[in-house]
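Here is a short tour of one protein model, meant to be read with the structure open beside you.

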Amino acid sequence: MAVVETGSIELSTRGNGDVIDITAEVERAVRSSGLSDGIVTVFCPSSTSAVTTLEFESGAVRDLQRLFDEIAAPDRPYAHNQRWGDGNGHSHVRAALLGPSLTVPFVGGRLTLGTWQQIIYVDFDNRARQRRLVVQMIGE
């Protein structure tokens with residue numbers, strides 16, 4: 001019978017495309033759940049941040065940040081900024097491109113990530129934030 005365990009990860013971010021490796025925190029959540037085999041989903045309840053995988057090294061991180069500067073530059077006109085005046089229209093667009101969640105299988109209590117694959121959280125908002133991610137495991 002499957003069991004559901006839910007936890008959270010607390011983060012302090014710098015915003016502006018801040019990329020944080022959360023792999024160790026997700027691994028810790030899986031271990032503390034007591035589950036051996038299943039899936040873990042990491043969800044960010046935010047419309048200006050996202051979760052994905054990447055090789056967490058400075059070159060790949062900078063490449064990702066540069067890509068988003070090219071695709072959704074902060075200095076473009078955004079209808080969101082005109083309506084709300086908060087200057088983070090680009091943050092919403094960037095987050096929508098990556099998405100708010102990631103699901104990873106685990107076997108024997110270990111994430112099935114590839115050798116150079118880490119779970120990253122990206123805060124696209126235009127200011128530092130305190131974030132709480134939801135980590136939910138389903139398994140046996």
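Predicted model: local features only at pLDDT ≥ 70, side-chain atom pairs only at ≥ 80, totals over all residues.

Residues are numbered from 1 along each chain as its sequence is written, and side-chain values use heavy atoms, without hydrogens and water.

Let's begin with helix H1, residues 23-33 (helices, H or I of at least four residues, and strands, E of at least two, are DSSP runs numbered from the N terminus). Thr-23, Val-26, Ala-29, Val-30 and Ser-33 are buried there (buried means under 20% relative accessible area, exposed over 50%, partly exposed in between, with a 1.4 Å probe and protein chains only). Because these buried residues fall within an arc of 125 degrees seen down the axis of H1, they line one face of the helix (the arc is that of the directions from the helix axis to the C-beta atoms). Arg-31 and Ser-32 are exposed on the face turned away from that buried side. Just after H1, Gly-34 has a positive phi of about 80 degrees.

Next comes strand E3, residues 38-43. Its pairings are tabulated here (two strands pair if DSSP finds at least two bridges between them).

Finally, Val-93 is found in helix H4 and is partly exposed, with a relative accessible area of 36%.
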